Amino acid sequence: MKDTDNKFNPSLLKREFAKIYGGTENEARIFSAPARINIIGEHIDYNGGKVLPAAIDKYLYVAVRLRPDTRVSYRDLKFPGLFDFDINDKFVFKKENDYANYLNGVLSVLKRKSGLIKSGFDALIASDIPPAGGISSSSALECGFAYAVNCLFNLNISRTDIALAGQESEHEFMNVKCGIMDQFIISTAKKDTAEFLDCATLEFEYVPLKLGDYVFVVMNTNKKRQLADSKYNERRSQCEAGLKTLQEAGIEIPNLCALSYAEFEKCAGIIKDPVIFSRVRHCVTENERVLEAVKAFKTGDLHNVGELLKASHKSLKEDYEVTGIELDTLTEAANAQEGCIGSRMTGAGFGGCAIALVRKDKTPSFVEAVQKAYTAVTGYNAGFFICTSGDGVKEITDAL
């Protein structure tokens, strides 16, 4: 599992910052933002559902330093591009600005909300999160950058508002109508826990993540996907159509996940379009699976968690249709291995990653067997790494 060795040492960022921007290494401040896995609760955050994500020990790092003028500069150690703007610019999305669009979107939101960002700054980014891999590299970029700007300019923005700024930027700047889950867990996570989040109210509870002899293995299809180019917005529109149909029939619900499965069965005949019906059914059943998973984690019933993971993937494949041959091959191969108690896709789908709950002592043989099965079907290799839980966005001040 070579991916597990692909860790970036944040202490290098100060040195590289000084090389690129000049000055001394101690002038830069370093911030981190984790990737995340969503254990269960997929494609329901924008339907008012409850979700169970966890931050993991893959991080994006942002080094920042104030400037005496109004110039804003972005650099990334991995991706090419020298991006320079003025803090007084009216930022707009431009395809040629690549990853800088995410930063400019967040900066636009923070400028509008605070009115306190008057000077320029330099920023340097590094990451060991696989890009476009379905474990939320873009949200880590948004929230890590937002938190860095928040601290740099003493904006005193709460972690919840950091998450909301990231989501608002996606909606307005990137034209992706994402839910709040990714930004919220990245902003508020605590190590050794998952987060039981009600996306309708933003109420949340930390759930102890005690896996015992098991670990989560992240399996990367290595099929790159970009949320804005996927059918993500189409799925959201289909759910909105289903909600409207139910509401016009007199079903008083604020969102699809306000329906229990028993209530859904009573009013299912109202939705005549079979595609819309399937989308709604996924939302309702997935929300119920999240509730069951929380109970299972609290009682230590990991085998039930595994069964819920399998059921979630089946629903995402058949009712929501967001998996594809790569994700299906990974999960089917994973579920066939000794020591694996459950697997499913995680993230938006259409490529990206899947997760599997695997006994620690079986992980080497698990990876070997799943890799072989995946390559036989797709013709190329997947990526694998074991993950542990991590903290949310923070400034790194020790060991640098």
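Helix α8 (residues 274-299) packs against helix α9 at an angle of about 165°, and the two axes lie 9 Å apart; here axes are lines fitted to C-alpha atoms, for helices over the stretch in contact, and angles run from 0 to 180 degrees between N-to-C directions. The two helices are therefore roughly antiparallel to each other, a term applied to angles over 145 degrees, with those under 35 counted as roughly parallel, 65 to 115 as roughly perpendicular and the rest as oblique. The model is predicted, so that local features need pLDDT of at least 70 and side-chain atom pairs count only at pLDDT 80 or more, while totals for chains, interfaces and linings use all residues. Residues are numbered from 1 along each chain as its sequence is written, and side-chain values use heavy atoms, with hydrogens and water left out.

The crossing of α8 and α9 is left-handed, in that the near helix is turned anticlockwise from the far one by less than a right angle.

An open sheet is formed by four strands in the order β9-β10-β8-β11, with antiparallel pairing; helices (H or I, at least four residues) and strands (E, at least two) are DSSP runs numbered from the N terminus, and two strands pair if DSSP finds at least two bridges between them. Because β9 (340-346) and β11 (383-387) stand at the edges with a single partner strand each, one side of each is left without a neighbour in the sheet. From one strand to the next, the twist averages 25°. Helix α9 (residues 302-318) packs on this sheet, where it touches β8 (214-220), β9 and β10, and its direction makes about 35° with that of β9. Helix α11 (residues 363-378) lies across β8, β9, β10 and β11 and runs at about 25° to β8.

Elsewhere, strand β5 (residues 121-127) is mostly covered, seven of its seven residues being buried, that is, under 20% relative accessible area with a 1.4 Å probe and protein chains only, against over 50% for exposed and in between for partly exposed. Strand β2 (residues 50-66) pairs with β5 in the antiparallel sense over seven bridges, whereas strand β3 (residues 71-76) pairs with β5 in the parallel sense over five bridges.

Methods: Contact = heavy atoms within 4.5 Å.
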